[in-house]
Structures are given as structure tokens and as C-alpha cells.
Amino acid sequence: MNPIKPEDAFKNIISHSKEYGFIFQSSEIYDGLSAVYDYGQLGAELKKNIRDYWWQAMVQLHHNIVGIDAAIFMHPTTWKASGHVDAFNDPLIDNKDSKKRYRADVLIEEHIGKLEDKIAKEVEKAAKRFENFDEAMFRGTNARVQEYQKKIDEIEARFKQALNDNNLEEVKQIILDLEIVCPISGSRNWTDVRQFNLMFSTSMGSVSEESSTIYLRPETAQGIFVNYLNVQKTGRMKIPFGIAQTGKAFRNEIVARQFIFRMREFEQMEMQFFVKPGTEMEWYAYWKQARLNWHLSLGLGAEKYRYHDHVKLAHYANAACDIEHRFPFGFKELEGIHSRTDFDLKQHESFSGKKLQYFDPELNQSYVPYVVETSVGLDRLFLSILSSALKEETLEGGDTRSVLCLPPALAPYKAAIFPLVKKDGLPELAESIYTTLKFDFNVAIDEKDTVGKRYRRQDAIGTPFCITVDHQSLEDKTVTVRHRDSMQQERIAISALQEFLEQRVSLKVLLKTL
Ligand code: GAP
């Protein structure tokens, strides 16, 4: 199986998503809305299956984790307490000639990325030249690579210091010193760097004088924190316990050019795990591993994932890491695991004046629990799965096929049923198989075109099994089942189809690997 070339892969994924009804640009007939997307008929199914798998793995498989569904609108003080009103900012810079706006940190990171590309090219060249090439040794000794690496280290250290000191003048100076130009105008005519808050706001109340500013939540986590005591008391939860939630979040992202990787309206799946102070590092290690295992269980390849431990921690965290995924445009954050201490609950205590404590019967004392958070973007996860699953295969005889090798349990359709011809009672038999299976599985019936064309169509949307009803089916009540990945076919009894699918496409298959 040949993976698609990296340079074409991303474009291919975007066009495949549209062509087969996975993802459309929002309000496309009005030329679209930037960084906002709609999920089509197959995208909605795939997204729902991913969400269900997360929910079942987190809530159903853990007796001490429960799920909630908090509102998107929250009392505005929530965002004061959480720090989002004052500190949920991106540093922005405008080019005075093109009038285009950029994230200053992204301009600097892209410059670093170019230096990293130069290193990668040197490594690639050397790897082609030498047999038994030792990459680590080459990186450690090659003069040109070392020079690039030195530059990267210097820029990173300077930039980190500038952000730590909130020194926006220094951020601008770095951009000037690196001679970064605007990709549109090609000029270095930059404005000063300013902080820009990422929260969308609106007003609540019909009369303007009575209205107050409220925000569209930029993360789902705060809906969990403010409900901590409600859930703990009504669910009689004992620490350690978790509260999970999936739902929409909104961020006025400035750089939003990577399809559904960075959106202005997106969905998060978050879980806050409340623990006894002092035990948070154990739980942090536990969730770091558990979440990686969850991603690995999808079977898309262990080499596609890696940890990135944060060196610079947010002021409320005492440990944090990302699980990164290799997207077509490189390794990028997929999920965050954060040990958030008691920061959020303490802030909400102080802003609300309500106690948010836990009485620990074993210690006979009350405390504000510490929190370990797991936070993954559903859309980003969708993109990671879609981009790893989409393959372009050359078949015997030179034909090609696009095949979406989704984990069967996540596929939009679990099986497609084909009557070989539209006569002789075959459509009726296909319909009766469909009617039996549809209560347990999302199955499709496809009658149009040759069977070969129908296979291609189902391969491209990731349907793991195609069931063909032919004349023999009328005689011996068997059908042909064709496997998407191997293209192998087998003959099985119609009466065995239910169990056949159950064993291969239900979420249970994935859940049991955890
Ligand atoms: N409560 C913690 C939190 O929100 P985050 O690192 O800002 O942490 C968590 O976001 C995850 O949400 C990210 O790892 C990413 O998967 C997803 N995410 C964040 N911003 C996003 C955006 N603009 N578009 C799509 N997904 C996003």
C-alpha cells in the first residue's frame, strides 16, 4: 500500500472530504466563512462514532467517571475567574503594506520551521550518500546542521524569554532581526505587536441598557469546574473521580489556514480528574499513558504519535504535555494532558464566594482537589484519523484505488449490500438483508453501476465490508463478503451476517483493546 506523497496528501484529504460528503466549507454558496466547516452526511457519522468511542472509553469503562453536558453560555465571571478575560491572548502584528494580520509567534515559529527543513534536507542528502547512516551521529557532528541548530536554539531561547517577560517590543525586535517579511507584500514594514483576546463575545438581554457581555466558551473545561460540587454531591462521587464532557468551543483564531486543524468553532472532548493533593503526578502519568493507548488502539500506526512535554508551564500547571500526531504538515498537537493543580477550583471559590471542597472521610479533613485534565479536539482527531486512513493503492494491472482504511468500528457505513443485478428477485433479497441488519448497524444498499465501481465507491468512504447478493444466494442463502483492505472475498450464510459484523465492527472491538 503506497501512502500518498506528503506534498499532495493534504490537498487530497481536503478534496476527498468534499467529494464524498465528509466536510464542506460553511455557507459555501456565500463563498464560505473562514475557518468554519460543516460536516456532511458521512462526516457526521464518522465524527459521531469517534465521539462515541471517546465517551465509552472514558465514561462507560470507568466506574468513577461520569459525563455532563453544560451550556455554552456561562456567567461572565466564569471567564474572569479562569483567567481568560485577562490572559487568553495571541500576540498579533500587522504588515502596514499588505494590511494583513499575523500571529507574531507563528511568524517566528515558521522561521524556525524553515531552519528545521534545512536540517532535514541535509539529513536526507547524507542518508542517500552513506550506507548504515547514523542520523544521531550526523546531526551531532555535521558543521552545517550544527550551525542551523545553534540558530534555532538562540531564537527559541530569546523568544521564550520575551514571552515570559510579556515583552512585546522584544517580540517585534526578533521579527525584525530575523528579517521576516510579509508573504503577501514581501516587506518588513511591521506594526507594533499587540495582544488580542481570542474569546468571541455577544450580549444577553433584549434591552441594550440591561444587556451584559457574555462569551462563547473557549473551552468546555470551565463548565465542568463550575459543576464540580453539583456532580460530586448528587453523584456521591469519591475522590479520585472524573467528569467528562464533549461540546462546542469557540476561539477567534487569527491564523486559521489548516482546514479543520484550527477552527473558529470546534468541538472538544475533555475530562477533569479530581484527585487528592500530592497524588496528581501519579494520575498525570496514568492519564498520559491511558490517552496515548487510546490513540494507539485505533491501529493507525504507533510511529504517528509522540509526546511533547512542555518546558514552559502555564502559571497554574505543575506538569503538561501534548500527544502529537504526524499530520500531512508535520507533527502537531492533537491532545493536551495537563496537571492543573487546584488553580481553577480555588479561583472559582474566590470569585463566587462558594466553597468548592471535598470532605475526605479517610483523612477526616476537607481540601480543594487537584485536577488532571485530558483535552482533545474532536475535529483535529477527525483530521488525524482521516489523514492516516486515506491511501492511494496501485492494484495489479496498474489500476489505482483510493481506500479509506478506517478502523471498522468508526466507519460511517459498516457494510454495503449490493444486489448483483436489478432483477430476478436479487434487489428484494438485498432489501430483506438490509432490513435485518439496520437495527444494529448503519448499512447501505447500493444498486447502481457495476460491482467493481460500487467497490471503489465504498472503499473511498471506508466501508469495511461489501455484501453481494447473487443468483446463488437465492438457492443456498449465502452471500459474498468482500473485505475492504485485503479485497479478499468469502462466501458466508446470510444467517451468519449479524454475528460476522458484530465481531468486527462494533465499538466493543476497540474498547476491549484498552
Ligand atoms: N481545557 C484545556 C484546553 O482547552 P487547549 O490546548 O487550548 O487546552 C485542547 O485545547 C485541544 O483542543 C487541543 O489539543 C486541540 O486538539 C483542540 N483545539 C484547540 N484549539 C482548536 C482550534 N482552534 N481548532 C480545532 N481544535 C482546537
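Is Lys118 buried, partly exposed or exposed, and what is the relative accessibility behind that class? In this predicted model, Lys118 counts as partly exposed because its relative accessibility is 41%, a value that lies between the limits of under 20% for buried and over 50% for exposed.

## Charged patches and helix α5

Lys118 is located in helix α5. Together with Lys114, Lys121 and Lys151, Lys118 forms a positive surface patch. The main contributor to this patch is α5, which spans residues 104-129 and supplies three residues.

A negative surface patch is made up of Glu109, Glu116, Asp117, Asp153 and Glu156. Two elements, α5 and α7 (143-164), each give two or more residues to the negative patch. The largest share again belongs to α5, with three residues. One of the members of the negative patch is Asp117, which also sits in helix α5. Asp117 has a relative accessible area of 48% and is therefore partly exposed.

An α-helix has 3.6 residues a turn, so residues three or four places apart point the same way.

## Strand β19

Strand β19 covers residues 415-419, and five of its five residues are buried. The cover extends to both faces of the strand. On one side, the buried residues are Ala415, Ile417 and Pro419; on the other, they are Ala416 and Phe418.

The pairing partner of β19 is strand β20, made of residues 443-445. The two strands run in the parallel sense and are joined over three bridges. Within this pairing, Ala415 lies opposite Val443 of β20.

## Helix α15

Helix α15 runs over residues 451-461. Its buried residues are Val451, Arg454, Tyr455, Gln458, Asp459, Ala460 and Ile461. After α15 comes Gly462, which has a positive phi, near 85°.

Tyr455 belongs to α15. With a relative accessibility of 11%, Tyr455 counts as buried, because the limit for that class is under 20%.

## Summary

Helix α5 gives three residues to the positive patch and three residues to the negative patch. Its residues Lys118 and Asp117 are both partly exposed. Strand β19 is mostly covered and pairs with β20, while Tyr455 in α15 is buried.

Note on methods
Residues are numbered from 1 along each chain as its sequence is written. This is a predicted model: local features need pLDDT of at least 70, side-chain atom pairs count only at pLDDT 80 or more; totals for chains, interfaces and linings use all residues. Side-chain values use heavy atoms; hydrogens and water are left out. Patches are made of residues with over 30% relative accessible area and no salt bridge: like charges are joined within 9 Å, nonpolar side chains (Val, Leu, Ile, Met, Phe, Trp, Tyr) within 5 Å. Accessible areas come from the Shrake-Rupley method with a 1.4 Å probe; for residues, only the protein chains shown count as cover. A salt bridge is a side-chain nitrogen of Lys or Arg within 4 Å of a carboxyl oxygen of Asp or Glu. Lys and Arg count as positive and Asp and Glu as negative; His and the chain ends are not counted. The place of a charge is taken as NZ of Lys, CZ of Arg, CG of Asp or CD of Glu. Helices (H or I, at least four residues) and strands (E, at least two) are DSSP runs, numbered from the N terminus. Buried means under 20% relative accessible area, exposed over 50%, partly exposed in between (1.4 Å probe, protein chains only). Two strands pair if DSSP finds at least two bridges between them.
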